[in-house]
Amino acid sequence: MAEAELDGAAGLLDPAGGVMARFVWFDAGRERAGRLLMVLHHLAVDGVSWRILVPDLAAAWSQVRAGRPAVLDGVGTSLRRWSHALADEANTAERAAELSVWQEMLGGPDPVLGSRRPDPVVDVMATVDTVRVEVDPTVTGALLTTVPAAFHGGVDDVLLTALALAVSRHHTRHRSTDASTDASTDAGTDAGGGGVLVRLEGHGREEVVVPGADVSRTVGWFTSMYPVRLDVSGCDVDQALAGGPAAGLAVKRVKEQLRAVPDKGMGYGLLRHLNAGTGPVLAALPAPQIGFNYLGRVSAADMPADLRGHGFTPITGVGELVAAPDADMPALSAVEINALVTDTGQGPALTAMFSFPTGLLDRGEVHALAQDWCQALRGITGHTRTQGAGGLTPSDLSLVSVAQSDIDSWEDTYGPLDDVWPVTTVQSGLLFHTLLAGTGFDAYHMQMAFHLNGPVDPARLHTAAQTLLHRYPNLKVAFAPDSTSELVQIVPTHVTLPWQVIDLRDMDQAQRNTALEDFLARDRATHFTPATAPLLRLTLLLTGHDRSELVLTAHHALFDGWSLPLLMRDLLTLYTNPHTPCPTAAPTATTSPGSPSKTPTPPKPPGPTPSPAPNPPSSSPPPHKPVPPHTPLPPAPASATSTSPSPTPPPSPATPPTTASPSTPSSKAPGPSS
């Protein structure tokens, strides 16, 4: 009954006459909930529009039912304004310069997928058959979460990688047939060479194309269609489908190929349909034989929480309601794939429809292609569970231009990476002097000793210090060259803070002083290797029941003198209460009288105010002159460290130590530097 009503309602749609919607109410009586069938022409809505319309319908119904007028949220940019803006954009010189991208995309090899290329006269919707496949919920769950996270990508990256692998295997099976049936265009073409040409559908709501636009609540058909070339040549397809390393290599390649498409393909439609000069050029190029559309996930969560329970949610038990298309309408492609995720009792499940004209491919061939796609998805998911799988690709690193081989090499050395940054000009200079100094005197090797008053829990302080290291990613960087010898900052995901505890409490005062001086001298002489992270270490020396020395040793390339109060404040905050977020503070800018420049004022650390550093450093290295190895300063009066405005310290199982003035046994004392 539902299918018959759907076909009947769809037959009444008349775009030329302005009839774009029909509604059918199935009245189940006063005791049971009825059903509403909404039939809208695709020219009026896209997949995103349903996520606007249905909640709006529920909101309007709840207001009307409560006796209030229906008032819905406003629309930012109208479809009319968006359409005019796209027409303007299509005719800009910048957009027209994109033509060569699409010519190259469509001009490459595209081996015949079936017995011949699609013919719009013969291959019509009346000849189309469909193969339906469903992916296990366990695999689907991974495809939605852990797999994209491992490769820093999206679900579509994985689905399209699997498609490229499946089509590559299809061409391998039918290589001889392809060469003989279309020798005029494909003779000698390597099935894996040149990649797979796919017509990809996107939501088309790329607001970057129209600056200032807001189409988040605009209903309409925004869908974009554009060609992409997915090249997995050189990947071992059998190994990839089995979950081997080739699966990860394929995902990274396809991900980068998709990221290289400008503005997610919006330019193709603009130049193909809205630019009179470029439109005929693109129309003359061959169309992709495969179409792919990932519709996302459809679930009850699409309805806002406050509108649930009012009805207007998709129902089950009526099968797949798909209106029958016009029998004479040309098939869109040799294989048209529509995939979506729906919730089931066992979890989310990925379903895909492989539709094809029977004059091009037989059902067995398409079934094999669909099964290879599913197997590729299982292989990629299985590979992701192996040690070292995933990782970054060049498009993830927006601040540097590096090759995938650079990233692979760094991940082999440092493990998973969070990011890669360029070095600043000052850092480059500091590291140059460090490398020049070798094992000799390094003016930028900093050592600072802090007197701690009160009992200290070494394990607790160690945990606080390790947490601090990960709070500030710049503290855990390594400096290494890329393949062009350009120095970069590498930010590993996991870095262990070098930490040691030295107990001097059993010594007498003279022995303790000697041991302390000896340690400080050895620590100063132990320089950092820029390529080994982190360029920072901490040592706690226990000198008495309620007195300790905390020695912070670091390379000046990590932070400046003004950062030191922030680091010590956060260290003591984390020590006091590991679950309390560290406060954030920024230097305030003040103008010195009579000076046009801004002079930042560093924030004060918690506890007593340190005495001024004896020799505040500048941007140039200090003169080479003897520096006292360790000149203790008198301890400051004890004061409680608090993480709140109240003078009362927060509850904590451990009392934080108070800091006295830092000793400055290094050539670079803490303080502001330009």
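Predicted model: local features only at pLDDT ≥ 70, side-chain atom pairs only at ≥ 80, totals over all residues.
Figure 1

**Figure 2. Pairing of β9 with β12.** Strand β12, which spans residues 487-492, is joined to β9 in the antiparallel sense over 5 bridges. For P422, the bridge partner in β12 is V488.

**Figure 3. Packing of helix α3 against helix α13.** Helix α3 (residues 79-90) and helix α13 (residues 266-273) pack with their axes 9 Å apart and at an angle of about 80°. Angles of 65 to 115 degrees count as roughly perpendicular, and α3 and α13 are therefore described as roughly perpendicular to each other.

**Figure 4. Residues at the contact of α3 with α13.** From α3, the residues W82, L86, E89 and A90 meet M266, L270 and L271 of α13. By residue class, this contact divides into 6 nonpolar residues, no polar residues and 1 charged residue.

**Figure 5. The protein chain as the setting for these views.** The protein chain contains 20 helices and 18 strands, and 44% of its 674 residues count as buried. Among contacts between residues at least 6 apart in sequence, 75% join residues that lie at least 24 apart. The accessible surface of the protein chain comes to about 32,900 Å², and 57% of that surface belongs to carbon and sulfur atoms.

Note on methods:
Residues numbered from 1 in each chain as written. Heavy atoms only, no water. Axes fitted to C-alpha atoms, helices over the stretch in contact; angles between N-to-C directions. Helix = DSSP H or I, 4+ residues; strand = E, 2+ residues; numbered from the N terminus. Parallel < 35°, antiparallel > 145°, perpendicular 65-115°, else oblique. Contact = heavy atoms within 4.5 Å. Nonpolar A, V, L, I, M, F, W, Y, C, P; charged D, E, K, R; others polar. Pairing = 2+ DSSP bridges. Buried < 20%, exposed > 50% of the residue type's maximum accessible area, 1.4 Å probe, protein only. Areas by Shrake-Rupley, 256 points an atom, 1.4 Å probe, with all protein chains shown as cover.
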